[in-house]
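Here's a quick briefing for anyone opening this structure for the first time. Have a look at the sequence and the model, then read on.

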Amino acid sequence: MRRNHRTTLIARTLAATAVIAVAVGCSPQSSKADAAAPATPGSPSPSASASATPSVSTFTDDKPAGSPAPTASATTAAKPAPKVLMSNGAKGSQVKELQARLAQIGWFDDTPTGTYGAATTAAVKGFQGRRGLAETGATDSVTWDRLLAMTTKPTAEELAGQAVNKPAAKLDPRCMTGRVMCISKTSRTLSWVVNGKVQSTMDVRFGSQYTPTREGVFKVFEKSRNHVSTIYHTAMPYAMFFSGGQAVHYSSDFAARGYNGASHGCVNVRDKGKIAALFDAVHIGDKVVVYW
């Protein structure tokens, strides 16, 4: 009888231990965001991760090591990458046309040279990133087709760097009523619009990815003709504040370096004459629309 009692006690103890082990294995060990994230195909389940830590080679390419390679009938052939038309080191008339077309939409700020160097690579990479394309810096057929659709055939003056014919920026519907500084991040232009009619347009640049220019609808709440930043101690002439410390203002750095730099979130204008005239035209309370 005593032996049966002892056997029963051991069985109960082992059962309780198993329950505790299961509870520990199922307890959350990550943040709520991680717990809510759906499992991805081929990844180990949370319980498997808790019970054992696989070596680096165990899950190479999202499948266990030693798994047989999938047959051609079980897989879909990968879509071929678009053909690369031009890349770093290329030279010629097509490269010059590329540079002139990029200049039309504000991505190339130098005289077209016909040589695909660092500046052209950076410009193409930026253009690709803003349009959800692979940021390779090389001009493939997809990138080229997208650029052709957005620009016009460069003139002789544009190819020589003597002029830039920018396509008219597409106005956001919110810019069509009242007095508005209509600022397009796509074309990198600011259009001063009064009752749906464009009065003037100028080149602008924005903040970097770390200090982005906010998007949305705002109002001018302060103007300062000879403003100096209290944070960065730099001149901000013709400043028109629309969102916290972000303002439209003239930038001597933009005038000197073009799109090779960026602001700390403000909308920089490089044409001093145009921003001076705009400053005189804009009233406190006028609308500001920043959009893609």
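**Helix packing around α4**

Helix α4 packs against helix α5 (residues 118–130) at an angle of about 50°, and their axes are 11 Å apart. Keep in mind that you're looking at a predicted model. Below are the points worth a look, sorted by topic.

**α4 with α5**

- Angles between 35 and 65 degrees fall in the oblique class, and α4 and α5 are therefore oblique to each other.
- As for handedness, α4 and α5 make a left-handed crossing.
- On the α4 side, the residues that make the contact are Leu98, Gln99 and Leu102, while α5 brings in Thr120, Ala123, Val124 and Phe127.
- Sort the residues of this α4 and α5 contact by type and you get five nonpolar, two polar and no charged.

**α4 with α6**

- Helix α4 (residues 93–104) also packs with helix α6 (residues 141–150), this time at an angle of about 55° and with the axes 10 Å apart.
- That angle makes α4 oblique to α6.
- Here, too, the crossing is left-handed as α4 passes α6.
- From α4, the contact uses Gln94, Glu97, Leu98, Arg101 and Leu102, and from α6 it uses Trp144, Leu147 and Leu148.
- The residues of the α4 and α6 contact split into five nonpolar, one polar and two charged.
- Leu98 and Leu102 of α4 turn up in the contact with α5 and again in the contact with α6.

**Aromatic pairs**

- The model has three aromatic pairs.
- One of them joins Phe218 and Phe242, a tilted pair with 5.3 Å centre to centre and 55° between the planes.
- Phe218 sits in strand β6 (residues 216–219) and Phe242 in strand β8 (residues 235–243), so the pair ties together parts of the chain that are 24 residues apart in sequence.

**A look at Gln199**

- You'll find Gln199 in strand β5 (residues 197–205).
- Leave out the neighbours within four places in sequence, and Gln199 is in contact with Trp192 and Val194.
- Gln199 and Leu278 are 79 residues apart along the chain, and their C-alpha atoms are separated by 9.6 Å.

**How confident is the prediction?**

- The average pLDDT of the protein is 78, and 74% of the residues score at least 70.
- Over residues 13–75 the pLDDT is below 50, and that stretch has 14 contacts in the model beyond near neighbours in sequence.

Conventions: Residues are numbered from 1 along each chain as its sequence is written. This is a predicted model: local features need pLDDT of at least 70, side-chain atom pairs count only at pLDDT 80 or more; totals for chains, interfaces and linings use all residues. Side-chain values use heavy atoms; hydrogens and water are left out. Axes are lines fitted to C-alpha atoms, for helices over the stretch in contact, and angles run from 0 to 180 degrees between N-to-C directions. Helices (H or I, at least four residues) and strands (E, at least two) are DSSP runs, numbered from the N terminus. Angles under 35 degrees count as roughly parallel, over 145 as roughly antiparallel, 65 to 115 as roughly perpendicular and the rest as oblique. A crossing is left-handed if the near helix is turned anticlockwise from the far one by less than a right angle, and right-handed if clockwise. Contact means heavy atoms within 4.5 Å. Ala, Val, Leu, Ile, Met, Phe, Trp, Tyr, Cys and Pro count as nonpolar, Asp, Glu, Lys and Arg as charged, and the others, Gly among them, as polar. pLDDT is the predictor's confidence in each residue, from 0 to 100. Rings of Phe, Tyr and Trp (its six-membered ring) pair if their centres lie within 6.5 Å; planes under 30 degrees apart count as stacked, over 60 as edge-to-face and the rest as tilted.
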